[in-house]
Amino acid sequence: MKDSLDGKVVILTGASSGIGKALAIALARQGASLVLAARRADKLHAVAGDCRDLGAKVLVQPTDVADMEACKSLVDATIDKFGRVDVLINNAGIMMWSRFDETDDLATADKVMRVNYLGSVYCTRYALPHLKKTGGRVVAIISLAGITGVPTRSFYSASKHAMTGFFDSIRIELKEDGVSVTSIFPGFVAIEDRGRALSGDGKAIGKSPVDESKAMTAKECAEIIVEATASRRREVIMHPTGRWGQVIKAIAPGLIDLLAMRTLKKYKS
């Protein structure tokens, strides 16, 4: 059943750019009250200005989700400002592009896991007591890489697989509490800062390895996510390869490996 997000208090991590920025604007148009979190305060304030222009109430809370205490502070600030939490959207993430055998800085694995997986765990845990009071929603922005492994994305894919398992588990646990859990699996989405992804030496790659013109727009992606959130959908897989991938993997596992490689080459710049 679709439920209006008008007046709902939404915590959105990773809100400063890309899908997060598009989500913030889409939610503002729905009439939601927003708590915008990300590390880059200047970018956050710019997005907040766009949302306020659309009539939304907005709290800006600079947050590094890899920091457990920062995640607690994010939820505490939300309660201090709005008195409730209706929706938590775990969107913050960090990308990585490198073959495993060409990855020299193994600390990258820890960084990617802390941001993508543990960041969503921390935020969800601190928000849960409040979400139980409102019969709220948890939304996890994962990736097709959280369904099947993707070449050159080993650490990223591992973190996204961890998210998939975690949110599948707590979905069952929280059903009786009236808290829904929605897992979102986008494919390639056009974003402006893919060059910030980490390379095998732990530094930013500098230039997007993807032809952004071939990817889904962030606006389109955000609209799908907002609809899924309002409808409390269990999961959304945004690419045909992903939708059929689990079936193909069960009956022809070698074929899914081939499809993953072909998909990566299709979007490569």
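Q: Why are helix 4 and helix 5 called roughly parallel to each other in this predicted model?

A: The axes of helix 4 and helix 5 (residues 154-174) cross at roughly 20°. Angles under 35 degrees count as roughly parallel, and helix 4 and helix 5 are therefore described in that way. Their axes come within 8 Å.

Q: In which hand does helix 4 pass helix 5?

A: The crossing of helix 4 with helix 5 is right-handed.

Q: How do you know which residues of helix 4 and helix 5 meet?

A: Contact means heavy atoms within 4.5 Å. On the side of helix 4, the residues that meet helix 5 include Val112, Asn116, Ser120, Thr124 and Lys132. On the side of helix 5, Phe155, Met163, Phe166, Phe167 and Leu174 are among them. By class, the residues of this contact are 15 nonpolar, five polar and two charged.

Q: What makes helix 1 oblique to helix 6?

A: Helix 1 (residues 18-30) packs against helix 6 (residues 218-231) at an angle of about 55°, and the axes are 8 Å apart. Roughly parallel requires an angle under 35 degrees, roughly perpendicular 65 to 115 and roughly antiparallel over 145, with the rest counted as oblique. The angle of about 55° therefore makes helix 1 oblique to helix 6. The crossing of these two helices is right-handed.

Q: What residues does each side bring to the contact of helix 1 with helix 6?

A: Helix 1 brings Gly18, Ile19, Ala22, Leu23, Ala26, Leu27 and Gln30, which meet Ala218, Lys219, Cys221, Ala222, Ile225 and Val226 of helix 6. Of the residues in this contact, ten are nonpolar, two polar and one charged.

Q: How do helix 3 and helix 4 pack, and at what angle?

A: Helix 3 (residues 68-82) and helix 4 (residues 107-134) have their axes 9 Å apart, at an angle of about 35°. The crossing of helix 3 with helix 4 is right-handed. From helix 3, Met68, Glu69, Cys71, Lys72, Leu74, Val75 and Ile79 take part in the contact, and from helix 4, Gly119, Tyr122, Cys123, Tyr126, Ala127 and His130. This contact has nine nonpolar, two polar and two charged residues.

Q: How many cavities of 30 Å³ or more are counted?

A: The count comes to one. The space in the largest cavity is about 30 Å³.

Q: What makes Thr13 and Val65 lining residues of the largest cavity?

A: Lining residues have an atom within 4 Å of a grid point of the space they surround. Besides Thr13 and Val65, the lining of the largest cavity holds Asn90, Ala92, Val115, Asn116, Gly119 and Ser120. Helix 4 provides the largest share of this lining, four residues.

Q: Which classes of residue are found in the lining of the largest cavity?

A: Five residues of this lining are polar and three are nonpolar, with no charged residues.

Note on methods
Residues are numbered from 1 along each chain as its sequence is written. This is a predicted model: local features need pLDDT of at least 70, side-chain atom pairs count only at pLDDT 80 or more; totals for chains, interfaces and linings use all residues. Side-chain values use heavy atoms; hydrogens and water are left out. Axes are lines fitted to C-alpha atoms, for helices over the stretch in contact, and angles run from 0 to 180 degrees between N-to-C directions. A crossing is left-handed if the near helix is turned anticlockwise from the far one by less than a right angle, and right-handed if clockwise. Ala, Val, Leu, Ile, Met, Phe, Trp, Tyr, Cys and Pro count as nonpolar, Asp, Glu, Lys and Arg as charged, and the others, Gly among them, as polar. On a 1 Å grid over the protein atoms alone, a cavity is a set of points where a 1.4 Å probe fits but cannot get out, and a pocket is an open set with protein on both sides within 12 Å along at least five of seven lines; lining residues have an atom within 4 Å of a point. Grid points are joined across faces, edges and corners, and a volume is the space filled by probe spheres set on the points.
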